[in-house]
Amino acid sequence: MNYSLQQRSELIIAECMKINDTNPYEIFRIIAQKDFVNIHGPEHHVLDGACILTAFHNAGGNIELYSALQKLMQEGLRMPGAACGLWGVCGAVTSIGAALAIIDGTGPLSIEDWGSHMEYTSAALARLAEIGGPRCCKRDAFSSMEQAVKYIKDRYSITLNIPPIKCEFSSQNNQCIGKRCPYNIS
């Protein structure tokens, strides 16, 4: 079936509401295998942050999950596809950055915590730049999640379970960088 971006995003939110796991990678893996998630695409601007919000909530984080996911979807849908190559900022990072802003309760007029999640995004973007291109929405999601797990542990003392990540999606990615990818299993 050919889903619109809005429909894909709503399906992502519905799936997150069913999952009780505290491992954002496992949540991502389950949802990313669904037929409404493409190997690359702007649905990752919702999916990646939604996995962090879901894991955070399931680990005891103080958020109302459904409203947080709705807010994230609203923000994620504003970001166009291909932002990584055209704007110099990855949608995985911005999605998770938005999730952290939701958790932190920050906005453009915040004073005390205004830059806290920007520390996360700058570290996550630096890691993606280190790995290099071309694009891979899955690799960028994995790397961004690892950075977010550290942020959440440091800031909230909440440990999200995340194993060493091994990519199961490389055969679907015509631009896979193979052994240069830190998640490559071949």
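Modeller: Go ahead. Keep in mind that this is a predicted model.

Colleague: How many cavities of 30 Å³ or more are there, and how much space lies in the largest cavity?

Modeller: The count comes to one cavity of 30 Å³ or more. The space in the largest cavity is about 110 Å³.

Colleague: Which residues lie nearest the centre of the largest cavity?

Modeller: Its lining has 10 nonpolar, four polar and two charged residues. That lining comprises 16 residues. Those nearest the centre are Cys136, Cys167, Ser170, Cys176 and Cys181.

Colleague: Ala82 has a positive phi. Is Ala82 buried, partly exposed or exposed?

Modeller: Most residues other than glycine have a negative phi. Ala82 has a phi of about 65° and is not a glycine. Its place is the loop between helix H4 (65–76) and helix H5 (83–87). The relative accessible area of Ala82 is 44%, so Ala82 is partly exposed.

Colleague: What about Ser157: buried or exposed?

Modeller: Ser157 lies in the segment after H8. Its phi is positive, near 55°. The relative accessibility of Ser157 is 66%, and the cut-off is over 50%, so Ser157 counts as exposed.

Note on methods. Residues are numbered from 1 along each chain as its sequence is written. This is a predicted model: local features need pLDDT of at least 70, side-chain atom pairs count only at pLDDT 80 or more; totals for chains, interfaces and linings use all residues. Side-chain values use heavy atoms; hydrogens and water are left out. On a 1 Å grid over the protein atoms alone, a cavity is a set of points where a 1.4 Å probe fits but cannot get out, and a pocket is an open set with protein on both sides within 12 Å along at least five of seven lines; lining residues have an atom within 4 Å of a point. Grid points are joined across faces, edges and corners, and a volume is the space filled by probe spheres set on the points. Ala, Val, Leu, Ile, Met, Phe, Trp, Tyr, Cys and Pro count as nonpolar, Asp, Glu, Lys and Arg as charged, and the others, Gly among them, as polar. Helices (H or I, at least four residues) and strands (E, at least two) are DSSP runs, numbered from the N terminus. Buried means under 20% relative accessible area, exposed over 50%, partly exposed in between (1.4 Å probe, protein chains only).
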